[in-house]
Amino acid sequence: MIKFTDLGLNPKVLKAVNDVGYETPTPIQAQAIPFALEGRDVLGIAQTGTGKTASFTLPMVHKLARGRARARMPRSLVLCPTRELAAQVAENFELYAKYCKLDMALLIGGVSFKDQDKLIDRGVDVLIATPGRLLDHFERGKLLLTGIEIMVVDEADRMLDMGFIPDIERIFKLTPFTRQTLFFSATMAPEITRITQEFLSNPERVEVARQATASETIEQKVVCFKAPNRKVEAKAKRDMLRKIITDEGDTLTNAIIFCNRKVDVDIVLKSMKKYGASVGAIHGDLDQRYRMEVLSGFKNNDITLLVASDVAARGLDIPNVSHVFNYDVPIHAEDYIHRIGRTGRAGRSGKAFTLCLPHEEKHLVKVEELLKGPIPRAEFDTPVAQDRPTRAKKQDKPKAEVKPVAQQDTKPAAQQNKKPAVQQDKKPEPQERNQRHKKGGGRHQGNQNHVVGLGDHMPAFMLRDIRAGVAAKTETPVEEDSKSKDESAA
Ligand code: AMP
């Protein structure tokens with residue numbers, strides 16, 4: 001078996017690896033590191049969870065340990081599709097470069113330009129950036145890319161999904177053609193192949209077995225159900241989600257809830273909060289500080305449920321998730337594998353539930369085709385979602401896709417602070433409810449938060465307080481710089 005000491009890394013890097021506690025290189029590390037150290041271009045076909053981050057950071061630290069950075073001319077560049085991934089790569093550098101004095105700057109949206117400018121002015125060895133923010137800095141004349149010796153493109157397939165390929169091409173052209181390129185992608189779409197042919201020079205292709213099937217330690221279930229009509233589908237879904245979560249009881253220690261759209265991440269977050277759950281959310285439009293806080297809260301078990309979009313959650317290293325919920329069937333079947341791969345890691349058991357309304361069955365067919373078999377169905381009584389009158393209330397940011405019924409969850413913070421309905425509110429009798437609807441009185445009476453299908457049992461975590469700081473930041477306005485389009489698709 002190959003050992004880290006066989007790879008040719010310098011003793012300071014090996015010492016840092018030893019401190020982290022890794023015993024043997026993963027297959028992608030064992031294959032990619034020797035080529036990277038030789039100065040070859042590497043095309044790594046690997047997805048997250050394979051140890052690919054160390055497969056490029058370790059040789060970079062080794063190579064950059066010699067030489068010095070010059071003002072405004074970084075020596076290496078790592079491009080990541082999302083801010084969280086960029087921050088994760090930066091954390092890796094901090095770990096592995098601790099015995100080599102390297103200066104690093106993280107250029108991501110939502111962080112002030114001034115602080116980032118200061119670092120760049122002083123000179124950095126490693127620049128880790130999302131493409132939009134990097135180009136913003138470049139266009140402001142604060143940055144020269146002509147000193148780049150090593151360039152890494154991480155998660156190129158996500159870059160493609162997010163529309164970053166033109167930016168990547170532009171950045172490639174701004175760097176010297178003599179640079180060494182380490183390029184990583186989980187899949188090789190034709191567009192990705194094209195840019196590797198154009199910008200990589202005789203690369204060594206290293207590939208680790210693609211996860212074609214879901215891990216056997218994951219128990220998968222699909223919950224197919226119907227809502228009484230299209231108008232109440234969103235509500236029925238939220239009710240069903242809570243019902244399953246409740247049903248899982250204390251076996252659910254933490255979970256990620258994936259939604260296809262950012263707007264639904266917001267709605268599910270607010271809905272779960274309203275019902276007293278310990279919950280946070282990540283997607284590309286949320287304030288950066290909030291996202292970082294949510295992520296660390298989730299990692300520390302301060303937050304039990306994480307509502308996420310695919311792009312924002314992609315590549316995040318979150319261990320030990322007991323459950324994954326697909327609030328929507330993913331539109332791209334491959335995302336299903338990525339999503340459910342968040343549970344059942346390292347031989348642990350995990351559960352993945354997928355909610356499926358009739359109009360999503362076409363996506364489910366694709367997922368099952370990819371898995372080469374049907375996913376077992378789980379039976380739950382369909383929650384009786386009521387078709388409730390919508391409010392006349394204006395939303396801050398009107399979004400066409402939000403169905404009117406969803407607006408009932410987008411309340412001002414003050415209103416959200418009322419006691420969770422699940423615990424305090426008396427559930428109106430069906431007759432009483434119907435009468436209220438007939439009169440249209442439900443609109444202003446506040447007691448609409450009856451829980452459908454929750455039963456009496458409430459798992460302990462749903463009663464836990466969310467840290468005030470995290471909860472409050474949900475309402476923080478988006479702090480994106482106008483030009484940066486990082487994660488617009490997240
Ligand atoms: P990545 O694919 O880079 O996101 O890494 C996935 C996880 O594997 C991270 O938690 C790393 O800390 C961990 N990891 C990376 N390399 C090794 C290794 N050689 N041995 C054990 N764990 C590793």
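Okay, housekeeping. What you're looking at is a predicted model, with local features needing pLDDT of at least 70 and side-chain atom pairs counting only at pLDDT 80 or more, while totals for chains, interfaces and linings use all residues. Residues are numbered from 1 along each chain as its sequence is written, and side-chain values use heavy atoms, with hydrogens and water left out.

A few more terms. Helices (H or I, at least four residues) and strands (E, at least two) are DSSP runs, numbered from the N terminus. Strands pair if DSSP finds at least two bridges between them. For angles, axes are lines fitted to C-alpha atoms, for helices over the stretch in contact, and the values run from 0 to 180 degrees between N-to-C directions.

So, the 7-strand sheet. This open sheet runs β3-β4-β2-β5-β6-β1-β7, with parallel pairing. At its edges sit β3 (104-107) and β7 (204-207), each pairing on one side only. On average, neighbouring strands are turned by 15° against each other, ignoring direction. Zooming in, β1 (residues 42-45) and β6 (residues 180-185) pair in the parallel sense over 4 bridges, and Ile45 stands opposite Ser185 in β6. Helix α2 (residues 27-38) packs on this sheet, touching β1, β6 and β7, with its direction at about 165° to that of β7. Then there's helix α5 (residues 113-122), lying across β3 and β4 (126-129) and running at about 145° to β3.

Next, the 6-strand sheet. That one is open too, in the order β8-β13-β12-β9-β11-β10, again with parallel pairing. The twist here averages 20° from one strand to the next. Strands β9 (residues 255-259) and β11 (residues 305-309) pair in the parallel sense over 5 bridges, with Val307 in β11 as the bridge partner of Ile257. Helix α14 (residues 333-340) lies across β8, β9, β12 (323-326) and β13 (350-356), at about 155° to β12.

On a 1 Å grid over the protein atoms alone, a cavity is a set of points where a 1.4 Å probe fits but cannot get out, and lining residues have an atom within 4 Å of a point. Which element gives the most to its lining? That's α14, with 3 residues. Residues lining this cavity include Phe258, Asp310, Asp335, His338 and Arg339.

Last, salt bridges: a side-chain nitrogen of Lys or Arg within 4 Å of a carboxyl oxygen of Asp or Glu. The whole structure has 26 of them. In one, Arg194 meets Glu169, with the closest N and O atoms 2.8 Å apart. That pair links distant parts of the chain, 25 residues apart: Arg194 in helix α9 (residues 190-199) and Glu169 in helix α8 (residues 165-174).

Notes
Contact = heavy atoms within 4.5 Å. 1 Å grid on protein atoms, 1.4 Å probe; cavity = no way out; pocket = protein on both sides within 12 Å on 5 of 7 lines; lining within 4 Å.
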